Number of protein chains: 2
Amino acid sequence: MPRAGLSAGSPKVDFAIDMGNPLLNRTVDGFLKIAAVGACKVAAEDAFECLHKGSVSKNKLEQTLKNMCKEGAYWGAVAGLYVGVEYGVEKIRGRYDWKNALIGGVVSGAIISAASNSKADKIAKDAITGGAIATAVEFINYLT
Amino acid sequence: MPRAGLSAGSPKVDFAIDMGNPLLNRTVDGFLKIAAVGACKVAAEDAFECLHKGSVSKNKLEQTLKNMCKEGAYWGAVAGLYVGVEYGVEKIRGRYDWKNALIGGVVSGAIISAASNSKADKIAKDAITGGAIATAVEFINYLT
């Protein structure tokens with residue numbers, strides 16, 4: 001079941017949605033969690049900027065909120081797509097290893113690149129980069 | 001023991017080095033594995049370009065080899081640093097959760113940014129981005 005939330009100690013903010021389908025559940029779960037991380041990143045960056053400059057304006061706060069939504073949605077879409085594709089590949093291949101991450105990364109990279117109106121050349125390169133990053137992350141997982 | 005290598009089926013290329021220290025072992029292991037991924041990414045990109053253009057020159061091959069070493073070393077350094085910091089944080093905190101990834105990402109992001117001669121502002125922002133990416137990856141791990 002998709003669960004999103006951050007627990008930095010005792011008080012836990014957590015919510016869950018059941019979409020009735022494991023693929024959809026994972027995709028929504030990935031979207032929610034990573035969107036939250038993306039939004040937090042923007043909030044932290046802008047908080048740093050305000051502390052640095054020593055001033056907070058209403059305008060700036062509105063801008064930050066808009067950016068949090070925009071960047072959160074982008075991070076969430078990338079993560080949801082990747083998690084969904086990886087899960088699909090796992091089901092089709094019937095096993096789990098680093099090649100799932102590679103395929104997931106390649107497919108996600110190509111789709112995201114195509115969605116942002118890239119040329120065919122750039123789509124292929126983004127697919128390669130996506131696959132490489134996903135494989136690298138998968139290898140780091142086995143290390144730690 | 002650091003082991004590097006890719007196994008795409010039966011024939012396995014694998015080697016291991018024992019540095020006699022678990023922190024160093026992990027760092028070297030991370031460096032070797034992710035450097036290999038980075039080098040493969042450059043090789044795949046350039047192979048795609050050659051296929052696309054339909055020509056391969058000696059000059060181009062030399063350039064590719066140089067880029068493979070350069071990008072491989074960069075990817076390896078980033079991964080080795082992150083794995084080392086995360087392992088250190090785990091030992092100091094005495095437990096493993098997503099906060100280790102966050103701290104590891106923040107420290108790695110700041111060090112890499114500082115090493116590439118960034119301004120103080122950019123170092124702080126890169127640290128935030130590094131922490132956010134590491135946390136997002138950690139969350140995706142729990143999903144899949």
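Because the model is predicted, local features are given at a pLDDT of at least 70 and side-chain atom pairs count only at pLDDT 80 or more, while totals for chains, interfaces and linings use all residues. Residues are numbered from 1 along each chain as its sequence is written, chains are lettered from A and ligands numbered from 1 in the order in which they are written, and side-chain values use heavy atoms, with hydrogens and water left out.

Chain A contains 4 helices and 2 strands, where helices (H or I, at least four residues) and strands (E, at least two) are DSSP runs numbered from the N terminus. Along the sequence these elements of chain A occur in the pattern β-β-α-α-α-α. Chain A has 144 residues, and 36% of them count as buried; buried means under 20% relative accessible area, exposed means over 50%, and partly exposed covers the range in between, with a 1.4 Å probe and protein chains only.

Two packed helices are described by the angle between their axes and the distance between the axes. Here the axes are lines fitted to C-alpha atoms, for helices over the stretch in contact, and the angles run from 0 to 180 degrees between N-to-C directions. In chain B, helix α1 (residues 22-53) and helix α2 (residues 58-93) have axes that come within 6 Å and cross at roughly 150 degrees. α1(B) and α2(B) are therefore roughly antiparallel to each other, on a scale where angles under 35 degrees count as roughly parallel, over 145 as roughly antiparallel, 65 to 115 as roughly perpendicular and the rest as oblique. By class, the contact of α1(B) with α2(B) has 17 nonpolar, 10 polar and 6 charged residues, with Ala, Val, Leu, Ile, Met, Phe, Trp, Tyr, Cys and Pro counted as nonpolar, Asp, Glu, Lys and Arg as charged, and the others, Gly among them, as polar.

In chain A, helix α2 (residues 58-93) packs with α3(A) at an angle of about 135 degrees, and their axes lie 8 Å apart. That makes α2(A) oblique to α3(A), and the crossing of these two helices in chain A is right-handed. In chain B, the axes of α2(B) and α3(B) come within 8 Å and cross at roughly 135 degrees. α2(B) is therefore oblique to α3(B), and the crossing of α2(B) and α3(B) is right-handed.

Helix α3 itself deserves a separate look. In chain A it comprises residues 98-115, and its 18 residues reach 26 Å from the first C-alpha to the last, close to the 26 Å expected at 1.5 Å a residue; the expected span is 1.5 Å times one less than the number of residues. The buried residues of α3(A) include W98(A), G104(A), G105(A), S108(A) and G109(A), and those of α3(B) include W98(B), K99(B), G104(B), G105(B) and S108(B).

At the start of α3(A), a side-chain oxygen of D97(A) reaches to within 3.1 Å of the backbone nitrogen of K99(A). In chain B, D97(B) is placed in the loop between α2 and α3 and counts as buried at 16% relative accessibility. The side chain of D97(B) reaches the backbone nitrogen of K99(B) at 3.1 Å, and it also makes a polar contact with the side chain of R93(B) at 2.9 Å. A polar contact is a pair of N or O atoms within 3.5 Å; within protein, one must be able to donate a hydrogen and the other to accept it, and residues adjacent in sequence count only if both atoms are side-chain atoms.

Beyond the other end of the helix, α3(A) is followed by N117(A), which has a positive phi of about 60 degrees although it is not a glycine. N117(A) lies in the loop between α3 and α4 (120-143) of chain A and counts as exposed at 72% relative accessibility. In chain B, N117(B) follows α3(B) with a positive phi near 60 degrees, and N117(B) counts as exposed at 73% relative accessibility.

Notes
A crossing is left-handed if the near helix is turned anticlockwise from the far one by less than a right angle, and right-handed if clockwise.
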